[in-house]
Amino acid sequence: MFNLFRRLMPREDDFFDMFARHADTVVRGAGELRAMLDGGAAVQRHYPAVLGAEDDADAITREVVQAVRHTFVTPFDRGDIQTLISHMDDTIDQMKKAAKAIVLFEMTEFHDDARRMGDAIQRCAGLLREAVPLLSAIGTNVSRINELCEQIRHVEGEVDDIHDSGMTELFRRSRPEDALRFLAIREVFDQLEKIVDRFDDAANVIEGIVVEHV
C-alpha cells in the first residue's frame with residue numbers, strides 16, 4: 001500500500017520537467033515581447049500572447065508549489081525550489097508589466113535601444129532555459145551552470161548601459177512639449193531594464209543552489 005501511495009505522489013524528476021516547461025513559457029513570452037517592439041500593428045498582434053505566456057507560467061508555478069507540498073523527497077531544499085520558481089516567474093511577470101505599459105501609453109514606435117533591450121531579454125531567457133535543466137545533475141554540470149549565470153549577469157550589465165545612454169540621449173533631444181512622451185518612453189525603458197534584473201535575480205538563486213550542493 002505504501003509503495004502504491006508513493007507511486008501516486010510527484011517524483012523528483014517531475015520538478016525538472018516543470019522547471020523546463022516554465023522556462024519554455026519565459027522564452028515564449030520574451031519572443032512575443034520582442035515582437036511588440038517592432039512597433040506598428042505588431043504591438044496589438046503580440047500583446048495577447050505575452051499575457052497568455054504569463055498565465056501559463058503562473059499555472060506551472062502553482063504546480064510546483066503543490067508538488068513541493070506533496071513530495072516526500074525533493075531534488076534539493078524545498079525552500080530553494082519555491083524561491084527558484086518564484087524568481088523565474090518574476091521574469092515573465094515583469095514582461096507582462098512592460099507589455100501593459102506599452103499598450104497603456106499607446107506606443108507603436110520604439111527606439112533602437114528598446115529593441116536592443118528586447119534582444120537582451122531574449123538572450124537571458126535562452127540562457128535560463130539552458131541552465132535550469134542542468135540542475136538535475138549539478139555536480140556534472142556545475143561549470144556550465146556557472147558560465148550561463150555569468151552570461152546573464154554580463155547581459156544585465158549591458159542593458160544597464162543601454163538604458164542609461166538611451167535615456168540620456170532621449171532627454172537631450174526632448175523639448176518641453178514632449179514631456180508626456182518622455183515620461184512614457186522612460187517608463188517602458190525602466191520596465192524593460194527590470195526584466196533583465198529579474199533574470200539576474202534568478203541566476204543568483206541558481207548559483208546559490210549550486211553552492212549548496214557542490
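Visitor: Which way do α3 and α4 run, roughly parallel or roughly antiparallel?
Guide: Roughly antiparallel. This is a predicted model, and in it helix α3 (residues 42-70) and helix α4 (residues 78-104) pack at an angle of about 165°. Angles over 145 degrees count as roughly antiparallel, so that's the label they get.

Visitor: How far apart are their axes?
Guide: The axes of α3 and α4 are 9 Å apart.

Visitor: And what's the handedness of that crossing?
Guide: Left-handed: that's how α3 passes α4.

Visitor: What kinds of residues make up the contact of α3 with α4?
Guide: The contact divides into 16 nonpolar, 3 polar and 7 charged residues.

Visitor: OK, what about α5 and α7, roughly parallel or roughly antiparallel?
Guide: Roughly parallel. Their axes cross at roughly 20° and come within 10 Å. The cut-off for roughly parallel is under 35 degrees, so α5 and α7 qualify. Their crossing is left-handed.

Visitor: Switching topic: how many salt bridges are there in the whole structure?
Guide: A search of the whole structure turns up 16 salt bridges. One of them joins the side chains of R129 and D24, with N to O at 2.4 Å.

Visitor: Where do R129 and D24 sit?
Guide: R129 is in helix α5 (residues 112-134), while D24 belongs to helix α2 (residues 12-36).

Visitor: What does R115 pair with?
Guide: R115 forms a salt bridge with D112, and the closest N and O atoms are 2.7 Å apart. Both residues lie in helix α5, 3 residues apart, which is about one turn of the helix.

Visitor: How exposed are R115 and D112?
Guide: R115 counts as partly exposed at 21% relative accessibility. D112 has 53%, and the cut-off for exposed is over 50%, so D112 counts as exposed.

Visitor: Which residues are joined into a network by salt bridges that share partners?
Guide: E150, R153, D200 and E207 are joined into one network that way.

Visitor: Let's move to the rings. How many aromatic pairs are there?
Guide: The whole-structure search finds 3 aromatic pairs. Among them is F16 with F76, an edge-to-face pair with the centres 6.3 Å apart and 65° between the planes.

Visitor: Where are F16 and F76 in the chain?
Guide: F16 lies in helix α2, and F76 in the loop between α3 and α4. They're 60 residues apart in sequence, so this pair also ties together separate parts.

Visitor: Buried or exposed, those two?
Guide: Buried, both of them: F16 has a relative accessible area of 15%, and F76 has 4%.

Visitor: And why does the pair of F19 and F76 count as stacked?
Guide: It comes down to the ring planes: those of F19 and F76 are at 5°, so the pair is stacked. The ring centres are 6.4 Å apart. This pair links distant parts of the chain, with F19 in helix α2 and F76 in the loop between α3 and α4, 57 residues apart.

Visitor: How accessible is F19?
Guide: F19 is at 0% relative accessibility, which counts as buried.

Visitor: So which residues form the aromatic cluster?
Guide: F16, F19 and F76 form one aromatic cluster.

Key
Residues numbered from 1 in each chain as written. Predicted model: local features only at pLDDT ≥ 70, side-chain atom pairs only at ≥ 80, totals over all residues. Heavy atoms only, no water. Salt bridge = Lys/Arg side-chain N within 4 Å of Asp/Glu carboxyl O. Helix = DSSP H or I, 4+ residues; strand = E, 2+ residues; numbered from the N terminus. Buried < 20%, exposed > 50% of the residue type's maximum accessible area, 1.4 Å probe, protein only. Axes fitted to C-alpha atoms, helices over the stretch in contact; angles between N-to-C directions. Parallel < 35°, antiparallel > 145°, perpendicular 65-115°, else oblique. Left-handed = near helix turned anticlockwise from the far one by under 90°. Nonpolar A, V, L, I, M, F, W, Y, C, P; charged D, E, K, R; others polar. Phe/Tyr/Trp six-rings, centres within 6.5 Å; stacked < 30°, edge-to-face > 60°.
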